[in-house]
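Dear colleague,

Here is the structure I promised to hand over. Please open it beside this message; my notes follow below.

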Amino acid sequence: MSMCHDMNAPILQVVGLSVRFETPLGLVHAAEDVAFDIHETETLALVGETGCGKSVVASAIMQLLPGNAVVDGKALFSKMDLLKLEEKEISRIRGNEISIIFQNPSLSLNPIIEVGEQIAEPLQVHRKMARRESHHVAKGLLSRLGLGERSLMSMYPFQFSGGMNQRVMIATSMILSPKIIIADEPTKGLDRALARDVAAEICKVMDLTGASLLLITHDISLAGMISDRIAVMYCGEIVEMGKCKEVLGEPLHPYTRALLDCLPERGFKPIPGASPSMIHPPQGCKFHPRCPHKTQECMQKQRIRKIDGDGRQVRCWQY
Amino acid sequence: MSCTNGATMTFSGKKAIRYLLAIILIFSLNFAIPRAMPGDPLANLLGEDVMLTEESIAELRAKMGLDLPLHHQFMAYWRDIFRFDLGYSYHLHSPVSAIILSRMKWTLLLAIPSLILGAVLGTLLGALAGWKSRDAGQKFETGLVLMIYCTPPYFLSLLSLYALSFKLGLFPLKGFYSTGSALDIAHHLMLPVIVMTLFSLSRNYMIMRGSVIQERGNLYAAYARAKGLYGEELLFRHVFKNAILPIITLLALDFGFILSGALFIEIVFSMNGMGNLIYDALLSRDYPVLQGSFLVITLMVVSANLLADLLYSRIDPRVRWQ
């Protein structure tokens with residue numbers, strides 16, 4: 001979908017990102033030592049099963065986590081560390097240079113504000129554009145996404161279907177032509193056909209704006225369709241990362257292989273065992289209790305390591 | 001756009017008809033109650049303590065049509081209501097409608113500024129308090145407002161009357177006026193209006209605060225923040241409109257019971273308004289005055305509810321489309 005990127009300086013650089021939540025039940029280790037780069041016009045997919053911490057990574061970059069979250073690490077974006085910015089400073093970046101598409105469009109839109117106003121709002125907030133003018137821009141954008149009827153602008157989210165609300169959010173996220181768009185489970189809860197529509201729309205947006213995309217999804221085939229690179233997350237850690245074709249064609253980490261075997265076209269093979277607790281994660285490699293190839297070494301912690309010169313990385317003792 | 005207006009029209013129309021039916025039903029009950037009560041309907045209509053001779057009783061019975069068949073009485077009752085003839089008070093020796101009109105304007109003069117001030121200030125301050133509920137200054141303010149909220153109205157009225165009027169002599173001790181000039185009336189009204197404003201404010205403040213705290217946790221607020229809204233912009237562009245919905249119901253109650261709501265204040269400050277009128281009528285069993293007040297209050301409550309419904313539907317589109 002997007003062009004092949006050159007390996008110049010990344011537009012977003014996440015280094016050693018860890019997120020913990022203080023809860024009455026204990027410290028939840030939602031993300032540990034997460035590191036990745038995103039380059040211009042590139043699409044990076046962060047895949048993993050529900051609860052593996054991928055949405056937490058997205059929210060952490062935008063400083064949208066609740067107050068009980070403890071965040072360490074860096075997220076470098078145009079010479080700033082996003083994680084260290086004051087609320088006022090990050091608010092100028094949110095929606096303007098980095099925008100996010102939430103996973104529950106119908107609950108994310110304000111129920112009592114017309115959708116046209118909600119799409120146009122970033123223009124008024126960031127560019128101080130007049131209401132009329134901003135609505136005009138919003139209308140143009142909405143019709144490019146296939147919601148061209150004039151009356152739709154003055155309708156409310158509860159009158160829209162989930163898919164239409166998703167398009168409203170996509171329009172909102174791209175209205176200021178941000179450098180990065182984060183899509184947090186954009187197809188969750190949508191049926192297969194609708195999910196494909198949304199994926200196509202996201203691709204269209206990427207082509208229109210030239211933005212980079214951080215796609216957070218549990219849907220590995222969706223990631224395969226639209227991303228340049230894939231990072232596979234398990235229990236708060238990235239276990240494997242590399243070019244989309246390589247990771248899906250030649251998976252190295254046992255978890256990636258197991259995840260691919262779950263797909264219907266590969267025979268629906270479930271991963272044995274259950275997802276580990278994030279409060280008391282397994283010692284060493286977090287996947288070892290479920291891994292068919294575990295050895296004595298797996299009880300020790302393994303760092304993510306580069307496999308070849310092409311950015312392929314894996315966190316496993318086998319390599 | 002035309003589609004929206006059409007929907008609003010039928011919505012308001014339906015609501016208005018429903019409330020009109022409610023008024024007709026309540027007014028009919030008002031007709032039935034004195035006639036269904038045990039004992040002589042005449043006594044029930046005039047008040048128990050009214051002493052009359054046999055001749056005047058017979059004369060009144062004929063004049064009030066109590067010897068006519070019920071449906072004739074019912075028609076006459078409605079005719080009187082449309083003429084705003086609410087009967088005659090034998091305690092106060094005056095037509096009930098004239099009494100109510102003269103008392104009502106004073107109560108409205110006291111209650112309307114208080115309720116408007118209380119609504120505006122309470123909503124705004126409460127919204128800010130909910131928005132910054134972790135801020136130490138806000139916590140102090142909330143504690144203060146909570147104290148007013150919990151104090152019985154008559155107690156705070158007495159306290160302020162004693163301290164500010166009696167000890168310091170800043171305000172007059174009683175009544176609505178002494179000379180009757182505008183300045184004099186304003187001076188008399190100032191302290192009661194302040195006290196009543198504080199109560200209305202504290203109630204709206206607490207509700208609005210809770211409502212904002214609840215609303216700001218919703219996903220749409222998080223998304224608005226993700227769009228780059230900052231601080232109070234987020235509150236007033238997104239959260240406020242959603243949070244104010246419960247306040248509208250409260251305002252309808254306040255304005256509906258505006259005539260009786262000022263009762264404690266009127267008693268403590270010895271003001272001859274509607275509250276005192278109803279209270280005295282209750283003590284002396286002056287039924288015509290009670291019934292007349294009852295009808296006026298009914299009208300106020302029903303129209304305040306209708307207004308709240310319309311306002312609610314203006315703010316929340318989900319109401320007018322379902």
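Start at A:Tyr234, which stands opposite A:Glu237 in S10(A). Please keep in mind throughout that this is a predicted model.

**Around strand S9 of chain A**

A:Tyr234 belongs to S9(A), and six bridges join S9(A) to strand S10 (residues 237-243) of chain A. The two run antiparallel. They form a hairpin, with two residues between them. A:Cys235 sits in that turn and has a positive phi of about 50°.

S9(A) has another partner. Four bridges join it to strand S3 (residues 43-47) of chain A, and here the strands run parallel. On that side, A:Leu46 stands opposite A:Ala231.

How many of the six residues of strand S9 (residues 229-234) of chain A are buried? Six of the six are, so the strand is largely enclosed by the rest of the structure. In a regular strand, side chains alternate between the two faces of the sheet. Both faces of S9(A) are covered. A:Arg229, A:Ala231 and A:Met233 are buried on one side. A:Ile230, A:Val232 and A:Tyr234 are buried on the other.

**The core**

The largest nonpolar core has 152 residues. Those with the most contacts inside it are A:Leu46, A:Leu214 and A:Val232. Two of these names have come up already: A:Leu46 as the residue opposite A:Ala231, and A:Val232 as a buried residue of S9(A).

What is A:Leu214 in contact with, leaving aside its neighbours within four places in sequence? The residues are A:Ile38, A:Leu44, A:Leu46, A:Ala58, A:Ile180 and A:Ile182.

**The four-stranded sheet of chain A**

Chain A also has an open sheet of four strands, in the order S2-S1-S4-S5, with antiparallel pairing. Its edge strands are S2 (26-38) and S5 (80-81), each of which pairs on one side only. Strand S1 (residues 12-23) pairs with strand S4 (residues 69-77) over eight bridges, in the antiparallel sense. One pair to look at: A:Gln13 has A:Leu76 in S4(A) as its bridge partner.

**Two phi values to check**

Most residues other than glycine have a negative phi. A:Asp33 has a positive one, near 50°. A:Asp33 lies in strand S2 of chain A. This residue is partly exposed, with 17 other C-beta atoms within 10 Å.

A:Ser177 also has a positive phi, near 45°. It is found in the loop between helix H6 (162-174) and strand S7 (180-184) of chain A. A:Ser177 is partly exposed, with 14 other C-beta atoms within 10 Å.

**Domains**

Chain A is divided into domain 1 (12-97 + 179-314) and domain 2 (104-177). Their C-alpha centres lie 28 Å apart. Across the boundary, 14 residues of domain 1 are in contact with 12 residues of domain 2. Which element gives the largest share of the domain 1 side? Helix H7 (residues 192-209) of chain A does, with eight residues. By class, the domain 1 side divides into eight nonpolar, four polar and two charged residues.

For chain B, the assignment gives domain 1 (2-95) and domain 2 (102-285). The C-alpha centres of these two lie 34 Å apart.

**Where the chains meet**

21 residues of chain B are in contact with 27 residues of chain A. On the chain B side, the elements that give two or more residues are helix H9 (219-226), helix H10 (232-243) and helix H16 (317-321). H9(B) provides the largest share, seven residues. The chain B side has 12 nonpolar, three polar and six charged residues.

A straight helix of 12 residues would span 16 Å at 1.5 Å a residue, but H10(B) spans only 14 Å between its end C-alpha atoms. Its buried residues are B:Leu234, B:Leu235, B:His238, B:Val239, B:Phe240, B:Asn242 and B:Ala243. They pack against helix H5 (96-131), helix H8 (182-215), H9 and helix H11 (245-256) of chain B.

Best wishes

Note on methods: Residues are numbered from 1 along each chain as its sequence is written. Chains are lettered from A and ligands numbered from 1 in the order in which they are written. This is a predicted model: local features need pLDDT of at least 70, side-chain atom pairs count only at pLDDT 80 or more; totals for chains, interfaces and linings use all residues. A nonpolar core is a set of buried Ala, Val, Leu, Ile, Met, Phe, Trp, Tyr and Cys residues joined through C-beta atoms within 7 Å. A residue is buried if 20 or more other C-beta atoms lie within 10 Å of its own, exposed if 12 or fewer, and partly exposed in between; C-beta atoms are placed from the backbone. Two residues are in contact if their C-beta atoms, placed from the backbone, lie within 7 Å. Two strands pair if DSSP finds at least two bridges between them. Ala, Val, Leu, Ile, Met, Phe, Trp, Tyr, Cys and Pro count as nonpolar, Asp, Glu, Lys and Arg as charged, and the others, Gly among them, as polar. The expected span of a helix is 1.5 Å times one less than its number of residues. Domain bounds come from an automatic or database domain assignment.
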